Amino acid sequence: MAALASSSVLASCMLAVMALGADLAIAQPVGERIVGGNNADIKDFSHQLSLEVFFMHSCGASVINENYALTAAHCVQGMPREPPWFVRLRAGSTSGFLGIGGIMHAIEFMEHHPLWNKTTTDYDVGLIKVEKPFAFSNRISPIKLADENAILKVGSVVTVSGWGMTSERALFTPWVLHSVDVPVVDREACNHNYTVHGGNKISKRMICAGGTGDGKDSCQGDSGGPLITQDRRLIGVVSWGYGCGRSGFPGIYTNVANPEIRRYIREVAGV
């Protein structure tokens with residue numbers, strides 16, 4: 001991608017980056033959100049990507065085919081559709097904070113679902129097209145999406161990965177990739193816990209997982225990253241939640257199996 005041509009353009013892009021940061025900061029209390037997990041190797045999560053701004057990890061994403069990555073809408077909200085050169089995807093690296101290694105990919109365009117709603121956090125899904133296709137290897141490979149209308153049984157175990165905070169009050173993201181297993185939680189019970197405390201309604205385009213009191217959860221910086229099933233299908237995208245690892249407040253993930261979400265992915269990315 002060409003370098004920025006003038007200081008005014010640079011200033012505009014910086015404002016967009018600041019807007020993105022503001023959006024994320026606002027979202028954190030009941031917003032985007034690995035706690036209680038373990039170090040992970042990118043070879044075991046070769047679909048995992050880091051969306052970076054000025055070489056700093058910002059959000060997670062997942063390789064879904066040679067040209068596209070799936071992320072959260074709130075990760076790309078506020079950014080130009082054709083982002084500046086310093087907004088890129090890092091693939092194939094276990095490192096996160098001050099990312100090292102892997103392959104950097106310039107972005108052709110990034111967008112979010114047309115029905116994305118910042119207030120309700122519904123339809124929290126976005127797509128990123130890279131300028132040059134991903135070169136697949138044992139460190140970079142696409143993950144299959146869960147079948148449309150697939151239903152997760154309550155209590156079934158799913159895995160979330162990313163470079164997010166390892167505690168709610170952490171100051172920095174970790175150096176290496178982390179992952180954690182969390183159980184799926186009943187949507188009605190999840191909805192009750194959130195709405196009774198003034199939180200957003202849990203829609204059918206959302207999945208609840210974790211919050212069982214064991215301190216395991218996704219957290220700030222994991223946003224946009226993958227939630228996968230035991231048979232290695234992408235079923236969710238890290239979206240929001242109240243705090244990190246709090247009992248009674250599961251992490252909320254965009255439901256990739258929902259027909260409306262799948263239709264959007266299929267129409268844009270062909271998957």
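**Chat notes**

Reply: Happy to. Setting aside neighbours within four places in sequence, Q48 is in contact (heavy atoms within 4.5 Å) with I42, G60, A61, S161, G162, W163, L177, G225 and P226. This is a predicted model, where local features need pLDDT of at least 70, side-chain atom pairs count only at pLDDT 80 or more, and totals for chains, interfaces and linings use all residues. Residues are numbered from 1 along each chain as its sequence is written, and side-chain values use heavy atoms, with hydrogens and water left out.

Me: Where does Q48 lie?

Reply: Q48 is in strand β3, residues 48-53; strands are DSSP runs of E with at least two residues, helices runs of H or I with at least four, numbered from the N terminus.

Me: Buried or exposed?

Reply: Q48 is buried, because its relative accessible area is 1%. The cut-offs are under 20% for buried, over 50% for exposed and partly exposed in between, with a 1.4 Å probe and protein chains only.

Me: Which side chain does Q48 join in a polar contact?

Reply: That of S161, at 2.6 Å. A polar contact is a pair of N or O atoms within 3.5 Å; within protein, one must be able to donate a hydrogen and the other to accept it, and residues adjacent in sequence count only if both atoms are side-chain atoms.

Me: New topic: what about Q77, where is it found?

Reply: Q77 is in the loop between α2 (73-76) and β6 (87-91). Q77 counts as buried because its relative accessible area is 13%, and its side chain makes a polar contact of 2.4 Å with the side chain of W116.

Me: And K43, buried or partly exposed?

Reply: Partly exposed, because its relative accessible area is 45%. K43 is found in the loop between β2 (38-39) and β3.

Me: What is K43 in contact with, leaving aside neighbours within four places in sequence?

Reply: N138 and R139. K43 and R139 are 96 residues apart in sequence, yet their C-alpha atoms are 4.8 Å apart in space.

Me: Now the largest nonpolar core: which residues touch the most other members?

Reply: L51, I64, L70 and L89, out of 43 residues. Helix α4 (residues 259-269) gives the most to this core, with four residues. Such a core is a set of buried Ala, Val, Leu, Ile, Met, Phe, Trp, Tyr and Cys residues joined through side-chain atoms within 4.5 Å.
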